[in-house]
Amino acid sequence: MTTVESNGLIDNANQAPFPDADVLDVVSLLDPAEQEQLLKIRGHLQRNVRKQVIDYWNSEAFPFEMLPALGDLGLGELVVSNYSCLFRGLVYAEVARVDVSLCALVGIHNELIVGMIDQLGSDAQRAQWLDKLRRFEAIGCFAMTEPDHGSDVAGGMETTATKTANGWVIHGEKRWIGGGTFADFALVWARDTATDTVKGFLVPMDSPGVTANKISNKIGLRIMQNADIFFDHVEISDADALPGAAEFSAANDMLRNSRIWVGWQAYGAQLHTFDVARDYVLGRTQFGQPLAKFQLVQQDLAEMISNAMASFGLMQQVARLQAEGRVEMVHAAMAKSTGSRMLRDSAAKARNMLGGNGTVSTYEAAKIFTDAEIVHTYEGTYEINSLIVARAVTGMSSFV
Ligand SMILES: Cc1cc2nc3c(=O)[nH]c(=O)nc-3n(C[C@H](O)[C@H](O)[C@H](O)COP(=O)(O)OP(=O)(O)OC[C@H]3O[C@@H](n4cnc5c(N)ncnc54)[C@H](O)[C@@H]3O)c2cc1C
């Protein structure tokens with residue numbers, strides 16, 4: 001008979017492993033109300049989302065019908081409710097533990113859309129959008145990257161905003177914009193032609209002159225509809241400018257927080273790779289034994305769960321600094337780069353552990369394996385985030 005010890009581990013090496021991979025008893029760090037809510041969210045995602053999203057991933061479609069339930073569970077209002085930073089991060093991880101694309105939607109929605117309108121918007125913009133956004137009845141997309149400017153977009157941005165008598169004219173091209181094909185508005189960053197400063201605007205996607213074309217055939221994040229968006233002399237009113245975003249540095253805190261969200265995403269996706277790999281090797285027999293009994297397989301599993309727990313340790317401290325108002329870009333960059341490096345490692349191990357089945361998206365390992373490539377690249381590439389960490393510890397910048 002299996003006895004579960006007080007630390008949650010199993011005392012009999014030959015018995016079934018403890019079910020949720022929470023080796024460090026992470027959930028116990030939350031207060032009882034948040035624990036209950038997190039387990040409710042986990043239950044919904046595991047039962048109603050995890051397997052169901054695979055077909056959407058295969059067909060590069062977005063599961064709109066899943067959004068109302070996520071809204072009911074509070075996933076549309078994580079940054080404007082009284083949740084702890086740790087809870088918010090663990091919710092992102094639970095979403096990534098079933099699907100990286102949905103986690104991207106929830107993360108961008110909270111950190112870069114709801115957070116920015118709440119912090120940088122006018123009273124009228126908050127009144128117009130926040131309630132609907134909280135319930136996912138409205139969606140915004142975050143339009144910063146351009147075809148010719150990715151890593152250097154802050155300094156190189158070419159999209160322009162020109163002041164007119166009654167408002168602004170936005171002109172330029174954005175690339176990779178998540179949700180760009182179905183968003184109600186785009187939060188667009190553009191260079192003021194008069195002052196050369198980069199400012200933020202809310203541009204309705206049905207404005208004359210806006211065209212969004214889906215980027216098809218991505219190897220990962222296939223559920224998220226990324227788009228090339230063209231703004232051809234788009235006229236908006238003065239009321240569409242974000243009053244708090246009159247210069248790019250106003251967005252620094254939120255851009256830093258969104259990088260932290262990706263650290264949580266990487267942690268959650270590592271748990272997913274572990275869940276998939278462990279279930280598979282416990283069930284699959286070769287040479288008359290479960291794969292899970294072979295030492296080389298056990299080594300990989302041990303490294304995967306240890307990677308995940310190490311990621312958690314980093315993220316927990318980042319959440320603490322965030323709660324205390326002491327978090328800086330170096331912490332966010334370390335969270336994002338380290339989490340994505342470990343995710344890549346674990347996702348490759350899981351894909352291999354499933355053998356041929358690890359190459360088929362239905363078994364999930366291949367899906368996480370390719371989604372991990374996107375986590376490695378977006379929200380500042382792995383290299384750029386590493387250089388931010390290195391700049392902090394050397395005092396020398398290797399890039400501008
Ligand atoms: C699926 C997906 C979703 C995305 N969603 C959004 C979104 O919703 N909104 C948005 O605005 N953007 C989004 N992005 C854009 C993303 O943030 C950029 O792709 C990323 O910043 C990298 O820019 P880039 O692709 O132009 O690569 P580049 O900047 O051209 O970099 C190419 C390579 O060169 C390396 N490199 C660049 N400069 C240096 C340097 N100084 N030193 C060393 N190496 C360097 C990079 O690390 C990378 O490996 C998304 C991207 C993807 C792939």
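Modeller: A polar contact here is a pair of N or O atoms within 3.5 Å, and the model in which we look for such pairs is a predicted one. With that cut-off in mind, a polar side-chain atom of threonine 145 lies 2.7 Å from a nitrogen atom of the ligand, while an N or O atom in the side chain of serine 151 is 2.6 Å from an oxygen atom of the ligand. Tryptophan 176 takes part through its backbone, where a polar atom is 2.9 Å from a nitrogen atom of the ligand. Taken alone, the ligand exposes 990 Å², of which the protein buries 67%. The space that the ligand takes is the largest pocket, and the elements giving two or more residues to the shell around it are strand S3 (167-178), helix H11 (365-377) and helix H12 (382-394). Domain 2 (140-247) and domain 3 (250-394) each supply at least three residues to this shell. There are 19 residues around the ligand, and those that come nearest are Phe142, Thr145, Ser151, Thr381 and Glu383.

Terms used: Residues are numbered from 1 along each chain as its sequence is written. This is a predicted model: local features need pLDDT of at least 70, side-chain atom pairs count only at pLDDT 80 or more; totals for chains, interfaces and linings use all residues. Side-chain values use heavy atoms; hydrogens and water are left out. A residue is near a molecule or strand if one of its heavy atoms lies within 4 Å of it. A polar contact is a pair of N or O atoms within 3.5 Å; within protein, one must be able to donate a hydrogen and the other to accept it, and residues adjacent in sequence count only if both atoms are side-chain atoms. Accessible areas come from the Shrake-Rupley method with a 1.4 Å probe; for residues, only the protein chains shown count as cover. On a 1 Å grid over the protein atoms alone, a cavity is a set of points where a 1.4 Å probe fits but cannot get out, and a pocket is an open set with protein on both sides within 12 Å along at least five of seven lines; lining residues have an atom within 4 Å of a point. A molecule sits in a cavity or pocket if more than half of its atoms lie within 2 Å of its grid points. Helices (H or I, at least four residues) and strands (E, at least two) are DSSP runs, numbered from the N terminus. Domain bounds come from an automatic or database domain assignment.
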